[in-house]
Structures are given as structure tokens and as C-alpha cells.
Amino acid sequence: YKIIVPTADTARNGYTASLLIHSHHPVLLVGGVGNGKTVCVESTIAKVLREEEKFSTISANFSAQTSSQALQFLIEGKLDKRGNAFAPSGGKTMIVFVDDFNMPQKDLFGSQPPLELLRLWMSYGFWYDRTKQTEKRIIDTQLVCAMGPPGGSRAVISERIQSKFNLINVTAPSDDTMRRIFGVMINQKLLDFDESFKSLGEQITTSTILLYQR
């Protein structure tokens, strides 16, 4: 099963992201591995979908091999032609969630083609038909992305694409937050044990965190 422990950080980041989504502003969450970016976005989008039926969603996980063509086909596959533009079916607004946003490999010129495709759309509202070289206007669609800091397979994104987003910095959890998160998890597990063990959750959590820090 899956346990999500709400904290002050997740509540703050989720609330900010929700406001930006409802205002149709693109969002980019940045933080280290394990800081809860993906969980924050997924729970926020799920909450938005529960509150308003006018939204739909699609997810994409970038890798070093992700191409701009594959991304374009993925998004276009969820859109219908509406007049001279392409939009989600049912008159809805589609939220495109992209995880590992800075993973695509850079090309010979130092750019990341999938990100440049998104930048073109965010700047001008369209991208090009790859066969006819005509404009394809994409409407009622917005981006929510998450990425880790540069390093390893993660590249530094260009300032041009970064400038299109509202950035949310997802910081590492504090000691108190870690005790709360893991305390809830261990206490849930200890419910299956004898009464003499059920009160040990806090001690086990504190000792484990101290051992990890040393």
C-alpha cells in the first residue's frame, strides 16, 4: 500500500502548485532525489481533478533517450482537432506532467530537443506538423514539471526554457519532518505486533535517523 504523510512543506508546495495550475501558469518543481517532488505533483493534480471536472491529465517520464518527436506524438495523441487548433476532448483543460524534466540528452548544439519543443509551444502557442511543416496550435493545455538538480545524467536546462516556468524549490525535509514521516510509517507497521512493541515507534525512528546521520 501507499502512505502519504502530510507535512508543512508538502502542504505549502501543494497549495502553491494548485494555485498556479488553476491560474493556468506552468510550474516547475526542483529538488533533490527523495524530497517528494513527484508525490507532491501527483497528489496536487489528483486533488485538482477531484475538485474540478474540467481538468484531465497525462504523464511523461523523460529519460536520456526521450526525443522531441516521441513527446509531440504522445501529447497530440490525447488532443482532438477543435476548429483551427488542437485541444483536449470534452472541452477540458489537460495538465501535462513531465517528470525528470532535465534528463533528455543534449544534442550537438547543446540544446535538449524535447525541452526546445515545449519552449516553442509555450512561447508562441504552437509547434509544427512534422510532415506538412504547418503550424499546429495547441490550446487548453498546460505544463507541470519536476526535476532534480544537475549532475550525473541530469543536465543544466537553458535559461530560455527556465524563464517560462514558475519555480518551486522543494527542500530536503528537516529532522522533525523526517521523524514525523517515518514515525507514522513505523507506527502503522507496529500495529500488527504485541502491545509491548507498539510504543517503540518513536524510539526506533529517532535512533534510525541518528544512525543515518553518523
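**Close-up views of a predicted model**

**View 1. Aromatic rings in the predicted model.** Across this structure, which is a predicted model, there are 6 aromatic pairs. One aromatic cluster is formed by Phe62, Phe101 and Phe165. In general, a pair of aromatic rings is described by the distance of the centres together with the angle of the planes.

**View 2. The largest nonpolar core.** The largest nonpolar core comprises 25 residues, and those with the most contacts inside it are Leu28, Phe62, Ile75, Phe101, Leu118 and Leu143. At least two residues of this core come from each of strand E1 (27-31), helix H3 (68-76), strand E5 (93-99), helix H4 (113-124) and strand E8 (141-147), with H4 giving the most, namely 4 residues. Phe62 and Phe101, listed here for their contacts inside the core, also belong to the aromatic cluster that includes Phe165.

**View 3. A lysine over a phenylalanine ring.** Lysine 136 is placed over the face of phenylalanine 86, at a distance of 5.3 Å from the ring centre.

**View 4. A nonpolar patch on the surface.** Ile3, Phe182, Val184 and Met185 together form a nonpolar surface patch with about 320 Å² of accessible area. Within this group, valine 184 is found in helix H6, which spans residues 175-190, and valine 184 counts as partly exposed because its relative accessibility is 34%, a value that falls between the 20% limit for buried and the 50% limit for exposed residues.

**View 5. The whole chain, for orientation.** The protein chain has 8 helices and 9 strands, and its C-alpha atoms fill a box of roughly 70 × 40 × 25 Å along the principal axes. Of the 214 residues in the protein chain, 39% are buried.

Terms used
Residues numbered from 1 in each chain as written. Predicted model: local features only at pLDDT ≥ 70, side-chain atom pairs only at ≥ 80, totals over all residues. Heavy atoms only, no water. Patch = residues over 30% accessible without salt bridge, like charges linked within 9 Å, V, L, I, M, F, W, Y side chains within 5 Å. Areas by Shrake-Rupley, 256 points an atom, 1.4 Å probe, with all protein chains shown as cover. Salt bridge = Lys/Arg side-chain N within 4 Å of Asp/Glu carboxyl O. Buried < 20%, exposed > 50% of the residue type's maximum accessible area, 1.4 Å probe, protein only. Phe/Tyr/Trp six-rings, centres within 6.5 Å; stacked < 30°, edge-to-face > 60°. Lys NZ or Arg CZ within 6 Å of the ring centre and 35° of its normal. Core = buried A, V, L, I, M, F, W, Y, C linked by side-chain atoms within 4.5 Å.
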